[in-house]
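Hello,

Here is the structure I promised to pass on to you. Please open it first, and then read my notes below alongside it.

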Amino acid sequence: MTLGSDTESNDDPVVGNISKLCVVPPGFSGKPRKGNLIFDACFESGNLGRVDYITDTEYDIFIRPDTCNPRFRVWFNFTVENVKADQRVIFNIVNFSKTKSLYRDGMTPIVKSTNRPKWVRIPAKHCYYYRCPDHRKNYVMSFAFNFDKENEVYQFAYCFPYSYTRLQNYLENLDKRELSFYKRELLCYSVQQRRIDLLTITSAENTRRNQKQRVVFITGRVHPGESPASFVCQGMIDFLVSSHPIAKVLREYVVFKIVPMLCPDGVYLGNYRSSLMGFDLNRHWQEPSPWAHPTVYATKNLVLDMDRCEDIDLDFYIDIHAHSTLMNGFMYGNVYEDITRYERQAIFPKLLCQNAEDFSLANTAFNRDAVKAGTGRRTLGSSLDDKSHCYTLEVSFYSYMVTTSSQALPYTEEAYMKLGRNVARTFLDYYKLVGYISAKPSSSITPKSNRHAEGDGSRSERGYDNRYTTDSYKGSSKQSNSGATSNESLLSYRRDGGRQY
């Protein structure tokens with residue numbers, strides 16, 4: 001039980017998650033009554049550090065900082081119970097560490113309850129993001145909420161949670177299917193001894209071919225609070241293990257290596273950016289420590305070993321993230337001195353833009369900022385073979401814009417997974433474009449021996465049809481608001497050395 005704000009100080013440290021904390025008025029004693037709200041965040045991926053009573057209808061909410069790193073206070077995930085029917089309250093989240101936020105663009109917290117388990121966004125008209133003089137003019141997110149049912153437990157979160165346990169259950173269900181083209185291995189353990197899974201998706205026939213293996217390496221959730229990354233990653237996996245014709249062809253000619261969760265300790269603890277020990281793991285790829293950053297250490301070594309293997313062509317490394325200030329899905333790539341390599345990496349984002357209406361080329365950028373030097377994209381981009389493409393795939397925590405609407409469309413769990421499916425299917429477009437897979441996948445296709453075979457222009461024009469841009473994912477071939485190029489201009493890029501870009 002906690003007393004009201006007259007016994008609290010805004011300067012008190014926020015340490016640890018609260019557990020079944022009943023917040024009552026100053027001077028209150030005795031057994032809690034109905035309407036004395038009970039807050040809890042002592043569950044997996046939970047985060048709530050402190051609650052101050054302001055009035056019977058208003059409460060200040062304090063996010064618990066990441067473990068061993070007080071800089072990061074963004075992710076929240078907590079429950080409220082012991083409510084009265086039609087009890088109306090205002091919650092003020094008062095200690096965000098980031099001022100620039102999608103809250104300024106209409107993003108709102110999400111909520112669900114015991115008998116309504118589907119997450120929904122709180123209406124924007126009930127939310128207000130502003131500088132508050134009572135909190136040193138820091139930005140505060142205030143939202144009004146009506147507890148409509150008395151016996152419900154309500155849960156509020158920054159974004160759709162995707163826990164470590166959810167991932168393990170998902171992978172265990174995949175294991176039970178005993179798919180011949182799917183393999184799950186233990187790559188390493190985290191500091192707290194949680195599994196780092198390595199998934200391999202490819203057909204047995206592909207591994208038996210007497211030629212180099214073409215590999216796509218995917219990682220996700222290096223930042224634990226970026227839960228949309230896990231939905232995107234699951235969408236990719238779901239598609240690649242499906243019976244969809246594109247998935248079958250990809251498994252026949254490409255090896256997919258996927259590490260779906262690089263920071264399971266941070267995910268479990270409810271951190272936003274940091275591992276158990278307070279490290280931003282995506283700044284330690286240059287020299288990862290086997291004891292402090294074991295997940296990055298093991299993943300980097302595996303990627304580099306594959307790059308050195310004469311029997312492997314590592315074509316792609318893609319690290320999946322979520323973005324807190326921009327809309328849509330988009331990519332970050334590297335800047336290279338080699339102009340041909342620099343231009344070549346623009347192909348995949350352009351192809352993805354044709355398949356995913358929520359993908360934005362306008363937000364896609366190529367850079368070498370000093371602050372990003374320790375990221376997976378930058379480190380591996382400078383370490384791998386110059387034919388490898390290294391990207392960060394970002395997706396908004398909130399919404400996306402399309403050309404057919406002037407309104408931002410909020411992401412849902414399904415929309416995130418759809419982006420993952422569209423990323424996966426874009427690999428076929430890429431491999432058709434570079435001539436590795438012929439245009440009409442069938443039992444007679446033969447992969448090209450040259451890793452990045454150019455082929456003759458007539459074969460390209462004849463082969464790159466729209467068979468796989470009009471499949472069952474309706475609307476996936478629409479152009480996004482970022483102005484994707486046509487297939488013909490991509491082919492011109494291929495023939496003419498990149499002049500279309």
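Lysine 98 counts as partly exposed because its relative accessibility is 33%; that class lies between buried (under 20% relative accessible area) and exposed (over 50%), with a 1.4 Å probe and protein chains only. You will find lysine 98 in the loop between strand S6 (87–93) and strand S7 (110–113). Helices (H or I, at least four residues) and strands (E, at least two) are DSSP runs, numbered from the N terminus.

Before you go further, please note that this is a predicted model, where local features need pLDDT of at least 70 and side-chain atom pairs count only at pLDDT 80 or more, while totals for chains, interfaces and linings use all residues. Residues are numbered from 1 along each chain as its sequence is written, and side-chain values use heavy atoms, with hydrogens and water left out.

Now to the strands. Strand S14 (residues 213–220) is mostly covered, with eight of its eight residues buried. S14 pairs with strand S16 (residues 312–323) in the parallel sense over eight bridges; two strands pair if DSSP finds at least two bridges between them. Within that pairing, isoleucine 218 has isoleucine 318 of S16 as its bridge partner. S14 also runs parallel to strand S15 (residues 255–259), joined by five bridges, and there phenylalanine 217 is partnered with lysine 257.

Elsewhere, six strands form an open sheet in the order S1-S2-S5-S11-S7-S8, with antiparallel pairing. Its edge strands are S1 (21–22) and S8 (116–121), each of which pairs on one side only.

Helix H8 (residues 347–355) is largely enclosed by the rest of the structure, because nine of its nine residues are buried.

And how many salt bridges does the structure hold? There are 18, where a salt bridge means a side-chain nitrogen of Lys or Arg within 4 Å of a carboxyl oxygen of Asp or Glu. Asp175, Arg184, Arg195 and Asp197 are linked in a network of them. In it, aspartate 175 meets arginine 184 with the closest N and O atoms 2.6 Å apart, and aspartate 197 meets arginine 184 at 2.9 Å, N to O. Since aspartate 197 lies in strand S13 (residues 195–201) and arginine 184 in strand S12 (residues 182–189), this pair ties together parts that are 13 residues apart in sequence. Aspartate 197 is buried, at 3% relative accessible area, whereas aspartate 175 counts as partly exposed at 32% relative accessibility.
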